Amino acid sequence: MSQAPLFSSAGELANLVVTSNLIDVAWANIPEIQRGQAAFPCSVQPMVYRPTPNRTILVFASSPNCTQYPLPEGGDLVQSSLFQFLCPKECPSVSINRASLDLFISLQSQLPGLKTELSEWEGQLIITGYSLGGSVAALFTFYLLDSMDKKSKCRPICITFGSPLIGDFGLQHSQWNSFFLHVVSNKDPVPGLFLPSGRSPPTSSHSQTSVYKPFGTYLLCSEHGCACFDDPDLILKFLTVASSEVAEGLQLVVDYGEILRNLKYRAICKGAQLASERFAYPFSDGIVMELKTIGIDPAEQKIDTKRMEAEARTLAKETKASEAKKLNDRKKAMAQLEWYKKKAEYEKKGYYDCFRNEENSRQRNVKLFMEELTAYWEEMVAEAERKPQKERTSFRTGWLFAGTTYRRMVEPLDIAEFYKDKDSGRDYINNKRSQHYKLLEQWYEEAAKPRTREDLDSKKKKVSVLLTEDSCFWAHVEEAILSCESLRNANSTTPEQRESSWNNLVRFGEYVMKQIDNCAVSPDIFWSGSSFMTWWGEYEAYIDNFRNFYSSRLVEYMKGGGYKQYG
């Protein structure tokens, strides 16, 4: 959760960025490529460099005409099926700058091979470009991120220099915004090219270019210094001011290498001074200082920095309080499910089977609580997915714990609903399981620490009150029951189907024994009349009649009465 900021750190972050070698590495190959780009057969050409075994740089170099007049009608925003995967729930469509999209499409024949080549290398991947080359670099980065495994440790970072805006409101909600850094000088008119007050191409329509929105982090530069911002309105203000103040006769090719060298010199020479000023400027004064650093006078532009400070503090506090209240309200619904569970245990019916086998007002009330909880956690998971990688992986322990408890309480009831309906078919896990359950489970496993012997001994002492850890346990049980039915109905199944069913049962037995060894199941699975004991009765009868020489750890455990001592 966000904490109300006490100081503005946009300048410090910018100094940290320019003094690192990341931006220098991204820019290093661009000038040389630009000098020979006139020979390129198309307007943008990708080129791969490997300066070290652990670093790959992909440069999208644009030809000269892309800088001066990007493309006819290039300022229009158009929708494309190629990037519909970027659409968040609150924005049904994403529109992309026509010039950038046309250039990206012109490379379609090269992109799959390029993606395959990059996937075979390990280490840091920097994707970069200047002017419209940077726009295509950003689109390719989205294209690459969409195809990557979410668990991949090697993610690309896209650094653009002087690139125009490439999309509308939808891009601001991309879950990958933290992978983008846009370097922009106040002497460069191109980044504001498609804004209504910018130096738009003669054929461009202002009505179609007025909805452009920035995304990612911007390193905004002027002769006075630099600052990092991700506030869309502030970035738009900078781009608008810069575009309107750049003289028409100014050469459009900006030397970002020289700009970066000067900024690095300033940052290193004045580092001690900036560090000492860190606590001298409260939040609003810090904003004023940083706006002036990038060439914007808050007074002239009528920017209310006091209001910005108040809004930032209020929003942070309200967000924190609102999210805590929502979670607390959901705890009330969870308490109702706990009460239902206790009632079922008192009646010796088992939580899962009580819900599966009954249809009464009590069950209907439980369904309402389930719907309320599921709506909340689906929204929470979707919001967490949109957060930058670092924030998502540090999902607060309290929230992750609450989400895990919710998953273990509610998903078994969803499973019961699925198998109760005879028309639902089979295989809940692969055909019906909600994505938010999968992600909550994935995050829990990623955050879980290896268990020690002491942890297991502690679990054994309190297993009687534990929830079954695998929220899909009952789905496995239901599939095992169906496999027993397949074996029992030999006349209506093929030998191959029966062999598959038997193999499924063998795997299920191994799975159950592993859960028992880890004290990961609730004792109510062994109660008389439970779905698990129903399965065991059918399985035991089949073994005794048809496979009387078969044995396994689970068979020995159940026949020997070991389950009676569990819990």
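**Exercise 1. Find the partner of Arg261 and work out how the two sit in the chain.**

Step 1: Arg261 makes a salt bridge with Glu258, with the closest N and O atoms 3.0 Å apart. The term salt bridge here asks for a side-chain nitrogen of Lys or Arg within 4 Å of a carboxyl oxygen of Asp or Glu.

Step 2: Check the spacing. Arg261 and Glu258 are 3 residues apart in helix 10 (residues 256-269), so about one helical turn separates them. Helices are DSSP runs of H or I with at least four residues, strands are runs of E with at least two, and both are numbered from the N terminus.

Step 3: Check the cover. Glu258 has 35% relative accessibility, so it counts as partly exposed. The cut-offs are under 20% relative accessible area for buried, over 50% for exposed, and partly exposed in between (1.4 Å probe, protein chains only).

A word on the ground rules: residues are numbered from 1 along each chain as its sequence is written. Since this is a prediction, local features need pLDDT of at least 70 and side-chain atom pairs pLDDT 80 or more, while totals for chains, interfaces and linings use all residues; side-chain values use heavy atoms, leaving out hydrogens and water.

**Exercise 2. Are Glu441 and Arg433 buried or exposed?**

Step 1: Start with the pairing. Glu441 and Arg433 form a salt bridge, their closest N and O atoms lying 2.7 Å apart.

Step 2: Now the cover. Glu441 and Arg433 are both buried.

**Exercise 3. Which parts of the chain does the Arg553–Asp517 pair link?**

Step 1: The two side chains, Arg553 and Asp517, meet in a salt bridge at 2.9 Å, N to O.

Step 2: Arg553 belongs to helix 24 (residues 553-559) and Asp517 to helix 22 (residues 495-517), so the pair, 36 residues apart, links distant parts of the chain.

Step 3: Asp517, at 32% relative accessibility, counts as partly exposed.

**Exercise 4. Which residues of helix 6 are buried, and what do they pack against?**

Step 1: Go through helix 6 (residues 111-119): Leu111, Leu114 and Leu118 are buried.

Step 2: Look down the axis. The buried residues fall within an arc of 60°, so they line one face of helix 6. That arc is taken from the directions from the helix axis to the C-beta atoms.

Step 3: List the neighbours. The buried residues of helix 6 pack against strand 1 (44-52), strand 2 (55-62), helix 5 (98-106), strand 5 (124-130) and helix 7 (132-147), where contact means heavy atoms within 4.5 Å.
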